[in-house]
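I opened this notebook to record how two parts of one chain meet. The structure is shown first, and my entries follow.

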Amino acid sequence: MSKKKQEEAAEPIPKRQQIVLSGTKPTGENLHLGNYFGALRQFVSLQDQHDTALYFIADYHSMTSVRNGEERRNNSLNVALDYLGAGLDPARAILFRQSDLPEVTELTWMLSSVTGMGLLERAHAYKAAMDKGEEIDHGTFTYPVLMAADILLYGSHLVPVGKDQKQHIEMARDMATRFNNYYDTDVLVLPEPYILEDTATVPGTDGRKMSKSYGNTISMFGGKKQIKKAVMGIVTDSTPVEEPKDTNQNVFDIWSLFATESEREEMFARAAAGGLGYGDVKKDLLARLMDYFEPMRARRDQFAEKPAEVEEILRDGVERARALAMPILERCREAAGLGVPHA
Ligand code: ADP
Ligand code: TRP
């Protein structure tokens with residue numbers, strides 16, 4: 001390592017200056033509690049703690065599952081509305097659409113060329129698709145490379161995600177290290193996942209990880225009827241009302257997402273004493289959940305009436321994203337000997 005690089009490596013970057021980045025695929029599903037508590041809520045808190053936070057709509061990524069252009073466009077607008085409704089503020093965070101900066105696909109290619117097949121074959125998502133016997137396209141196989149390019153193109157330090165995405169960030173670090181080594185550069189920053197322990201894996205109504213692919217979700221912005229049905233359907237054991245309840249059940253875990261520490265202690269004491277019905281816990285959860293998301297729903301509805309304003313926010317966002325990305329991409333090109341040589 002050169003002396004300059006060593007000095008740089010020795011200087012930790014102050015927290016405020018660390019760049020935060022994350023993305024959401026516009027697959028057309030309603031956001032669920034797992035998405036919110038596992039990822040989106042952290043997007044919101046980090047926009048205040050860091051000078052630069054980028055949140056994008058991963059529309060290129062959705063191409064492996066959504067095969068209709070109009071649908072994708074519509075879904076993408078919906079992710080933008082979810083972001084704005086949840087409290088992402090264009091004054092504090094850069095909101096943009098992945099495909100508005102198509103240069104990310106150039107970095108994807110550069111990274112593809114330093115990524116071993118073995119690394120990609122070990123990806124959980126790919127292995128799961130193989131196990132299910134699904135027909136897998138090349139885009140699905142190389143999904144982690146595009147995701148690495150998303151992260152590395154902006155010099156991101158921190159990536160807020162749920163635990164299921166951790167492996168992808170480790171793969172991005174691997175690709176960055178290889179690229180930097182091959183081309184004797186330090187242009188690519190090694191990112192860290194940002195995963196909160198308490199909400200790393202939010203359970204669904206059946207106790208497995210909440211996920212749209214398991215059909216066990218509780219939606220954030222869905223209709224009250226739909227949400228009620230999901231909440232009332234949370235699986236519990238069959239302990240009679242008068243008897244003490246085991247608080248290690250997902251109904252208590254989900255309820256706890258909406259309660260303070262002292263409320264939680266009180267509820268758990270009631271559960272231990274007996275006389276608490278699961279139906280009452282679910283009713284209370286439903287009321288809390290509706291109240292909690294109400295202001296976000298109202299904000300989302302307001303933006304939904306102004307799609308031109310949302311487009312303007314994304315247009316402004318991509319310009320700010322571009323300003324961060326282009327110098328990094330230029331340095332990658334220069335290091336790899338691509339394009340017109342620099343003087
Ligand atoms: P799904 O698993 O429902 O398909 P996505 O893959 O679209 O969800 O996830 C979007 C974001 O939400 C990712 O950062 C992911 O890690 C997070 N996430 C999804 N489900 C959960 C969960 N049950 N607990 C914690 N985080 C989650
Ligand atoms: N793969 C992520 C998901 O399924 C979405 C995503 C794409 C992403 N690119 C990213 C997340 C870059 C964080 C950083 O949820």
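I took contact to mean heavy atoms within 4.5 Å. The model is predicted, so to speak of local features I needed pLDDT of at least 70, and side-chain atom pairs counted only at pLDDT 80 or more, while totals for chains, interfaces and linings use all residues. Residues are numbered from 1 along each chain as its sequence is written, and side-chain values use heavy atoms, with hydrogens and water left out.

Entry on the domains. I looked up the domain assignment, whose bounds come from an automatic or database source, and found domain 1 (3-201 + 306-336) and domain 2 (221-301). I noted 33 Å between their C-alpha centres.

Entry on the interface. I found 13 residues of domain 1 in contact with twelve residues of domain 2. The two domains bury about 1000 Å² between them, with 61% of it on carbon and sulfur atoms; buried area is the accessible area (1.4 Å probe) that two parts lose on being put together, summed over both. On the domain 1 side, L33, F37 and G85 lose the most area to domain 2, together 43% of what that side buries.

I looked for salt bridges (a side-chain nitrogen of Lys or Arg within 4 Å of a carboxyl oxygen of Asp or Glu) and the count between the domains was one. I also noted a salt bridge between the side chains of D82 and R300, at 2.7 Å from N to O.

Note on methods. Chains are lettered from A and ligands numbered from 1 in the order in which they are written.
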